[in-house]
Amino acid sequence: MQGSDNGFVKVLQYNEQDEVVNPEFNPDSHYEEMTAFYDEEFVDNIESVIYDGVDVSNDAQKQTYNFLVDLMKKGKKGQTYGSEHESGNAEDNNGLQTKLFVFPGNKAGLSLIVSKEANSKNKSIEAIFPFIKDGYEYPCRILSVMQADPDYAFEGQLEAFVDEEENLVLTFFDINYLDNKALYKPDGEYKFVLTGLAHSVEIIENEDLISLESADNAVKSEKYNLNTVVREIEEYSENVNGQKVWGLTVVLGFSPDGEDIPLKMYLTEKSLGDSPLPNVGDNIAVNLSLHGYLCGVEA
């Protein structure tokens, strides 16, 4: 059996008959499932090649980083999903070639952006962040695109109207920015799936008063404080990164005719902490990050 080497990991792809194949890329999917054999240097030296810009100063980042290191060190072979979209010209990132990988699957887990210089075997981890690819679809008109670093187009946020009447403007972290950044145009109309990742939740009494405000008034940020009401709640049978997860449908706002603008929000065991789990109908105060990904481009 022969594999391919994309410069980041050595990859063998299998069909249902356990035969090695190289399927055509499906343009409707960001990720192709693959069995990846991480090269010795990347696995053995992962802690020494981590990029200086990755923040591991707080407990949450340390937990995420350590989870990834442990995952990759469990074996040289593992199920992996890798982005097969072109991630733009290398010149966009000062000559670095980049790749987006997701662990342990393409529905939920951790995203890892890896870079390397052309003709080099040395890899660096540029970013690590959690993702859940589930939520409601919103019609969005982009107002502005903000890169985390002006010199390196690894991560980005989008500011956009997220409702048809264009009454609600939100900023969200784009989990697939590396792949899709070349598609975004000012005033361009797109479809995005948005998801809230709860950092903390508290049951309150507010008589169904819905309010949304930035958690960082100094800059445009994907972090928000939301006072809302729970419409639905679901406990997932599968853990995400070793934690129990609940999906809460909450009210983000209202349309002019009074209909809910819903948001799917994910709450982990760690984020819940010692607080009681909300029930349907409870009023809650939430600190969350808003994430999204492109699911369609309007004609």
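The model is predicted: local features need pLDDT of at least 70, side-chain atom pairs count only at pLDDT 80 or more, and totals for chains, interfaces and linings use all residues. Residues are numbered from 1 along each chain as its sequence is written, and side-chain values use heavy atoms, with hydrogens and water left out.

The side chain of Glu 159 forms a salt bridge with that of Lys 220, at 3.0 Å from N to O; a salt bridge is a side-chain nitrogen of Lys or Arg within 4 Å of a carboxyl oxygen of Asp or Glu. This pair links distant parts of the chain, 61 residues apart: Glu 159 is in strand β9 (residues 152-161), and Lys 220 is in the loop between β12 (211-214) and β13 (223-235). Helices (H or I, at least four residues) and strands (E, at least two) are DSSP runs, numbered from the N terminus. Lys 220 has 44% relative accessibility, so this residue counts as partly exposed.

## Strand β9 and its partners

Strand β9 is mostly covered, with 8 of its 10 residues buried. On one hand, β9 pairs with β8 in the antiparallel sense over 7 bridges; two strands pair if DSSP finds at least two bridges between them. The strands β8 and β9 form a hairpin with 2 residues between them. Within this pairing, Ala 160 in β9 is the bridge partner of Ile 142.

On the other hand, β9 pairs with strand β10 (residues 169-174), again in the antiparallel sense, over 5 bridges. Here Val 169 in β10 stands opposite Phe 161. In a regular strand the side chains alternate between the two faces of the sheet.

## Further salt bridges

The count of salt bridges comes to 6. One of them joins the side chains of Arg 141 and Asp 187, at 2.5 Å from N to O. Arg 141 lies in strand β8 (residues 136-149) and Asp 187 in the loop between α3 (177-180) and β11 (189-204), so the pair ties together parts that are 46 residues apart in sequence. Arg 141 counts as buried because its relative accessibility is 18%, whereas Asp 187, at 48%, counts as partly exposed. Together with Glu 166, Arg 141 and Asp 187 are linked in a network of salt bridges.

Another salt bridge joins the side chains of Arg 231 and Asp 260, at 2.8 Å from N to O. Because Arg 231 lies in strand β13 and Asp 260 in strand β15 (residues 260-268), this pair ties together parts that are 29 residues apart in sequence. Arg 231 is partly exposed, with a relative accessible area of 38%, and Asp 260 also counts as partly exposed, at 31% relative accessibility.

## The chain as a whole

The chain has 4 helices and 16 strands. Of its 299 residues, 47% count as buried. The chain exposes about 15300 Å², of which carbon and sulfur atoms supply 44%; accessible areas come from the Shrake-Rupley method with a 1.4 Å probe, and for residues only the protein chains shown count as cover.

Among contacts (heavy atoms within 4.5 Å) between residues at least 6 apart in sequence, 62% join residues at least 24 apart.

Methods: Buried means under 20% relative accessible area, exposed over 50%, partly exposed in between (1.4 Å probe, protein chains only).
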